[in-house]
Amino acid sequence: MSPLLKIRSERDQMSAIERRIADYLLENAHLLRDYSSQQLANALGISQSSVVKFSQKLGFKGYPDLKYSIGEAVARGDAQDEGAVAEAIDCDPHVALAERLWHAKARAEEETRLINPPERIEAIAEAVQNARRVFIIGLGEDGIPARALALKLAMIGILGVHHFDPVLMTASTASANAQDVLLVFSEYGKQTALCHLARAFAATGGKVISATRHTPNPLRAHADHALLVSAHDERAHIEPLLYQSALQQLLDLIFILLCEHGQGRLSQLDSSAERIQDMLDT
């Protein structure tokens, strides 16, 4: 993995000082060849040992190895997207805005893909594919992807039970067993009601799948399988957009696996789409 991608993907789990170092490295990757660890520490107003520990935490022997690896990444063009945005700014501010958003979403999606290995995605798709029922819940904005997924599953013949109320979902899952799956959407994974729901569902023998940010959280701790999203931005109005985009990419990948690996799923999708279109046309 590129060191720049590694820094971006792990930033959410870093301490405040580590995030300052990470942000500086990401913003000044092309200048690091001229910085010693002491100079970097002075620029950030931190100790040299903090820079060394940061480098070692990322898996490097020390700052020189990290600096060399970042230099190689820059040479390969891993940081060229910032240059493309800079060129766009000179042309049109609206084009620059679109470029920035596109690159930010692309980074979030790539980081998210890298922290969700193929075997994890396959295992989740298989659990959903073989489930008797798939219970799906998300509160607030997390309810949007939950509802969309429930509709997609219905289109390919998988029984999904969707609720946006933990009380209703608790009642619905009372008869759950080892053949059932509970998929819980929660960006930060801290809602107490959802954690209680996941714990109770696991006690029935059913499998729990969580979809959260990749930082440690209570809901993720209760899950048999965890979909992890890496998406960060200092701008409060941009970060949720990156999270939603990266999460949707994961869900789309799982949906494609379900369509292509499940016997008769594509035919079921065509039939469902045809019935819906006939209803809309009348």
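**Reading side chains, cores and helices**

Reply: Start with one side chain: that of arginine 265 comes within 3.0 Å of the backbone oxygen of isoleucine 156. Keep in mind that this is a predicted model.

Me: Where is arginine 265 found?

Reply: Arginine 265 belongs to helix α14, which covers residues 265-281.

Me: Which side chain of opposite charge is nearest to arginine 265?

Reply: To call something a salt bridge, look for a side-chain nitrogen of Lys or Arg within 4 Å of a carboxyl oxygen of Asp or Glu. Arginine 265 is buried and has no such partner; glutamate 126, the nearest side chain of opposite charge, is 12 Å away. Leaving out residues up to four places away in sequence, arginine 265 touches Gln129, Ile156, Gly157, Ile158, Leu258 and Cys259.

Me: How many salt bridges are there by this rule?

Reply: The count is seven. In one of them, lysine 57 pairs with glutamate 18, with the closest N and O atoms 3.1 Å apart. Lysine 57 is in helix α4 (residues 48-57) and glutamate 18 in helix α2 (residues 16-27), so this pair ties together parts that are 39 residues apart in sequence.

Me: Are lysine 57 and glutamate 18 buried or exposed?

Reply: Read the relative accessible area: under 20% is buried, over 50% is exposed, and in between is partly exposed. Lysine 57 has 53%, so it is exposed. Glutamate 18 has 15%, so it is buried.

Me: Which residue forms a salt bridge with arginine 213?

Reply: Arginine 213 pairs with glutamate 187, and the closest N and O atoms are 2.9 Å apart. This pair also links distant parts of the chain: arginine 213 is in strand β4 (residues 207-213), while glutamate 187 is in the loop between β3 (181-185) and α11 (192-203), 26 residues apart. Arginine 213 is buried at 4% relative accessible area, and glutamate 187 is buried at 14%.

Me: What is the N to O distance between arginine 235 and aspartate 233?

Reply: The side chains of arginine 235 and aspartate 233 form a salt bridge at 2.8 Å, N to O. Arginine 235 is partly exposed, with a relative accessible area of 35%, whereas aspartate 233 is buried at 16%. Salt bridges can also share partners: Arg132, Arg133 and Asp180 are joined in this way into one network.

Me: How many residues does the largest nonpolar core have?

Reply: In soluble globular proteins, nonpolar side chains tend to be buried together. Here the largest nonpolar core has 36 residues, and Val134, Ile136, Leu153, Phe185, Leu227 and Leu258 have the most contacts inside it. Elements that each supply at least two residues of this core include α7 (93-114), α8 (118-130), β1 (134-138) and α9 (143-155). Helix α13 gives the most, with 11 residues. Another core lies apart from this one; it has 21 residues, among them Ile7, Tyr24, Leu44 and Phe54.

Me: Which residues is leucine 227 in contact with, leaving aside its neighbours within four places in sequence?

Reply: Its contacts include Ile121, Ile124, Leu250, Leu251 and Ile254, and also Asn116 and Ser210.

Me: How many residues does α9 have?

Reply: Compare the end-to-end reach of a helix with the span expected from its length. Helix α9 has 13 residues and reaches 18 Å from its first C-alpha to its last, close to the 18 Å expected at 1.5 Å a residue. Its buried residues include Leu149, Ala150, Leu153 and Met155. The buried residues of α9 pack against α8, β1, β2, β3, α13 and α14. Just after α9, glycine 157 takes a positive phi of about 85°.

Me: Where is histidine 163 found?

Reply: Histidine 163 is in strand β2 (residues 160-163), and at 19% relative accessibility it counts as buried. A polar contact of 2.9 Å joins its side chain to that of serine 172.

Terms used
Residues numbered from 1 in each chain as written. Predicted model: local features only at pLDDT ≥ 70, side-chain atom pairs only at ≥ 80, totals over all residues. Heavy atoms only, no water. Helix = DSSP H or I, 4+ residues; strand = E, 2+ residues; numbered from the N terminus. Buried < 20%, exposed > 50% of the residue type's maximum accessible area, 1.4 Å probe, protein only. Core = buried A, V, L, I, M, F, W, Y, C linked by side-chain atoms within 4.5 Å. Contact = heavy atoms within 4.5 Å. Polar contact = N/O pair within 3.5 Å; in protein donor to acceptor, adjacent residues only side chain to side chain. Lys, Arg positive; Asp, Glu negative; His and termini not counted. Expected span 1.5 Å × (residues − 1).
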